[in-house]
Amino acid sequence: MTTNLRLLLDECVTKPLADMLGVSSSALNIEHVKDVIAGAEDANVIKYATGENRIVVTTETGINHKKFKICTHPGIIVLCGRHRHASIQAGAFKKFMRSGHRKLVHHAVTFISENQARIKMIDDE
């Protein structure tokens with residue numbers, strides 16, 4: 001399995017954060033909701049991501065495994081934590097990408113903060 005990730009950045013991902021994520025790894029292929037389905041509801045974002053085989057990246061903790069069942073979409077990455085500054089979130093994401101665990105994000109919901117990453121898989125539900 002390839003560890004390259006096809007990502008769809010949710011509208012709540014700011015431009016500075018999107019730019020930082022874009023340069024964080026050459027293993028990323030990124031689209032932004034604002035460019036393809038601007039204004040879409042969360043369910044339509046997930047539907048689009050599923051059709052395009054893209055993992056949704058968001059800063060909204062409400063887009064999670066409770067709202068969108070694991071294995072019904074390519075995956076969700078939630079950038080969360082106490083520190084909401086774009087550079088801190090991007091640094092946490094970059095650290096996660098280098099950790100060797102990125103292959104686990106497919107068909108899972110991953111919560112990344114500045115000091116930890118939690119990956120919810122089908123067995124965890």
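Reader: How many bridges join strand 5 to strand 6?

Author: This is a predicted model, in which local features need pLDDT of at least 70, side-chain atom pairs count only at pLDDT 80 or more, and totals for chains, interfaces and linings use all residues. Residues are numbered from 1 along each chain as its sequence is written, and side-chain values use heavy atoms, with hydrogens and water left out. Strands here are DSSP runs of E with at least two residues, helices runs of H or I with at least four, both numbered from the N terminus, and two strands pair if DSSP finds at least two bridges between them. Strand 5 (residues 109-112) and strand 6 run antiparallel, and the number of bridges joining them is 4.

Reader: Which residue of strand 6 does F111 stand opposite?

Author: Strand 6 spans 117-120. Within strand 6, the residue opposite F111 is R118.

Reader: Which strands stand at the edges of the sheet?

Author: The sheet is open, with 6 strands in mixed pairing and the order 2-1-3-4-5-6. Two strands have a single partner strand each, so one side of each is left without a neighbour in the sheet; these are strand 2 (28-32) and strand 6.

Reader: Is H83 buried, partly exposed or exposed?

Author: H83 is found in the loop between strand 4 (76-79) and helix 4 (86-98). Buried means under 20% relative accessible area and exposed over 50%, with partly exposed in between (1.4 Å probe, protein chains only). Because its relative accessibility is 38%, H83 counts as partly exposed.
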